[in-house]
Amino acid sequence: MRVRFWIAALVALGIAAVLAVALGPVALSPAEVWSAIVGRGDPTVSAIVLTVRLPRVALAACVGAALGMSGAAMQGTLRNALAEPYLLGVSGGAAVGAVIGVALRASVGFGIPLAAFAGAAVATGVVLGVARAAGGGRADVRLLLMGGVVVGAFANAVIMVAYAVAPPETVRGALWWMMGSVDAADWRRVGWLALYALVGGGVLLAWARDIDALALGDEGAAALGVDVERAARRAFLAAALLAAATVAAAGLVGFVGLIVPHIVRRAGLRQHRPLIIGAAIVGSTLVVAADLVARIARPPAELPLGAVTALLGVPFFLWQLRRLAAQ
Amino acid sequence: MVVRDDYGDTVAIGSVRPDRIVSLNPATTAMLFAMGDGARVVGRTRWDTYPPGVRSVTDVGDGLRPNVEAVLAQRPDLVVLYASSDDRAAAEAFRRAGVATVSVRVDRVGDLARTLHLLGLVVGDSIGAAAVADSVLATIAGVRRSTAGLDPVTIVWQVDESPFRVIGGGSYLSELIADAGGRNLYADLADPSPQVSIEDVLSRDPDAVLTSPALARTMRSDPSWRKWLQDSHHRVVVPDTSLVGMPSVRMGEATVQLAALLHPARAR
C-alpha cells in the first residue's frame, strides 16, 4: 500500500509537470517542446518553454509543496483535520504583511517574505490567543476555525482599505495577492521559495516526532516527555513561515493545505515524517495541475489560481465538516 | 545608439528595424497606426478599438499583466508596454525571452510628443512620429486660441458611479477641458480619477456634468441629481466615448468636440 502510494504520487507529479510544460495558451507539439528543453529548435518556442512555462511550473510546485507541508504540520499540531493556513487566517495575515512590504518597496527575495512572515505570526498569535482565551485555556477546534475565518476577513478588509487609499503605483497589485497567481514566475523567485520550502520543511521533518506526540493529545504528548506548549508553538510557527513564503511568492492560494494531508493519510501514512514528505509531493501535483487549469481554461485570459483551488477546496471542506459532525 | 524608456531600461536603436510589433496599450497601438506603421503590428490588447483596422490584428488578451506566452507566440521583435508597476514583471520576462521591450507611460497631453518621439526612434519611423505629434498638438493649440477669450464653463466629468469617480487634475482630460474653454472643478486633485462624494459634486455646483451615455441615463433617474437638473442653466454633456477614451492621436479631435459641446453658440 505504502510503496504503491509513493510510486503513484511521484508518477502523478511527473505527469502533471509534463502536461503543464506541454500545454498552455499557445499550442506547441511535444516534439517542439522537447527540442526547446534540450536546447535546440525555434527561438520563440524555446523562449515560451524555458522562460515562461518551466519557471512557472517550478514555482507552482514549490508553492504546492510548501502549502502541503504547512497544512500537514498544522493539522497534526492542532489535532484538527480542518486546520490549514488559509482557513486559520495565517495566509491572510501574511498577505497584509506582504502588501505592507510592497508599499515600502521591500525586496522580493527577503523583505517581502519577512513582512509576510511577520503578518502571519501576528495573525497566528491573535487566532491562537483568542481561541485559547475563549476556550478556557484549550484551543477548541471550532473556535480556532471561527477565529481564523474572522481574522482572514479582517485581513481582506485591511488590504481593501490599503488598495483604496494608497497611491495607485504602490499597491496596485494588492488585489492580485488576494486571488493568488504564479504568473510572475522567474528562476530567482523559484530559487528563494525553494530555499524557504527546504528550510521550513527540513525543520518540520526534524520535529516530526514531536508533532506525532502532539497528535496523540496533550496528556499523551506530556507522558512521552514532550514540552507540549513549546513543541506546538514552534511547529506552528515553522508551518506559518512556509505559508507566508508562498503568500509572498504567489499570493493567497487556499485549501491546498487542507486537501493534501487528507489524501496522504488515506494512503495509510500516519507518522508525520512520511506524511509531511508525502504532502509536499501531492501538494506540488495539486498546484501544478490547478495552475494548468487556470492557464488553459480560457486563453489568453487566466483564471486566478486561488479561485481554482477554492473551487476544489470548498466542497472538500464541507464534505469533511459533515464527516466530522457525523462522528 | 541607446535610449531609455519610462522604466529607465535601455533600448537599443537602429541595429534591427522591428517588423513584428506587439503593442500592449491601446494608446500606443493607435499611435503606431497613425504613423503609418500599422502593418507591422502583429498583436494588440482585447481593449483596442481604434483605428477600426486594428480589429483584424491578433488579440493577445489584457494589456496590463499580459499573458507573456500568448504575446511570445506572435513572434514579436518588439513589445510596447504601458510602464506601470503592474507590467514590470512582464517587461523582465520579455527581455529574458530575448525580445526588445519599450515601456512608456502615456497619461498626459505632454506624454504624447515624448512617446511618439521614442516610438519613432525604436520602430525606425521618426518622420511619421513627428508628423502625428505636430498635427495633434497643432489642433489642440488651435482650439485653445479659439476659446481663449470665452468665459470658461465649469464642469465635473463623471467616469464611474459606484464608487463615484470624476476626472481629476492628473488626467489628460482635465487638460483638454481647459484647452476647450472649460474649467474642471476637480483640477485641484492630483489623482487622474479621484473618488468623490455626490454631495461634494453638488456643492461645487458645476455648469455642466460630462459623462458617458449609460451614466447619463442613471443620472436622470437618480433623485440626488433632480434639483441640479431642474436648473435650466445646468447641462448634461455626453462626449463621444471613442474620441475621449485614451490619451493618444485623437486628442486633437476630442478637444474640437469638447469645445463645440461646451460652447455650442461658438461652434461652426
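Gly14(B) is exposed, because its relative accessible area is 62%, where exposed means over 50%, buried under 20% and partly exposed in between (1.4 Å probe, protein chains only). This glycine lies in the loop between β2 (10–12) and β3 (21–23) of chain B; helices (H or I, at least four residues) and strands (E, at least two) are DSSP runs numbered from the N terminus. Gly14(B) and Asp191(B) are separated by 177 residues in sequence, and their C-alpha atoms are 37 Å apart in space.

The model is predicted: local features need pLDDT of at least 70, side-chain atom pairs count only at pLDDT 80 or more, and totals for chains, interfaces and linings use all residues. Residues are numbered from 1 along each chain as its sequence is written, chains are lettered from A and ligands numbered from 1 in the order in which they are written, and side-chain values use heavy atoms, with hydrogens and water left out.

**Confidence**

- For the complex, the predictor gives a pTM of 0.86 and an ipTM of 0.76.
- Chain B has a mean pLDDT of 93, with 99% of its residues at 70 or more; pLDDT is the predictor's confidence in each residue, from 0 to 100.
- In chain A the mean pLDDT is 88, and 96% of the residues reach 70 or more.
- Within chain A, confidence is highest in helix α14 (residues 272–296), at a mean of 95, and lowest in helix α7 (residues 168–171), at 62.
- Where pLDDT is low, the predicted coordinates should not be read in detail.

**Overall form of chain A**

- Chain A contains 15 helices and zero strands.
- The C-alpha trace of chain A spans about 65 × 55 × 35 Å along its principal axes.
- The radius of gyration of chain A is 20 Å, which agrees with the value near 20 Å for a compact globule of 327 residues; this radius is taken over C-alpha atoms, and the globule rule is 2.2 Å times the number of residues to the power 0.38.
- Of the 327 residues in chain A, 52% are buried.
- Contacts (heavy atoms within 4.5 Å) between residues at least 6 apart in the sequence of chain A join residues at least 24 apart in 76% of cases.

**Surface and charge of chain A**

- Carbon and sulfur atoms account for 70% of the accessible surface of chain A, which comes to about 14,100 Å² by the Shrake-Rupley method with a 1.4 Å probe; for residues, only the protein chains shown count as cover.
- Chain A carries 25 positive and 15 negative side chains, and the centres of the two sets are 5 Å apart.
- Lys and Arg count as positive and Asp and Glu as negative, while His and the chain ends are not counted; each charge is placed at NZ of Lys, CZ of Arg, CG of Asp or CD of Glu.

**Backbone geometry**

- Most residues other than glycine have a negative phi, and most peptide bonds are trans.
- The peptide bond from Pro299(A) to Pro300(A) is cis, with omega near 0°, and Pro300(A) lies in the loop between α14 and α15 (305–326) of chain A.
- Tyr50(B) and Pro51(B) are also joined by a cis peptide bond, with omega about -10°; Pro51(B) is in the loop between β4 (41–43) and α2 (68–72) of chain B.
- Arg65(B), in the loop between β4 and α2 of chain B, has a positive phi near 50° and counts as partly exposed because its relative accessibility is 26%.
- Asp205(B) has a positive phi near 50° and lies in the loop between α7 (198–204) and β10 (208–210) of chain B; its relative accessible area is 43%, so Asp205(B) is partly exposed.
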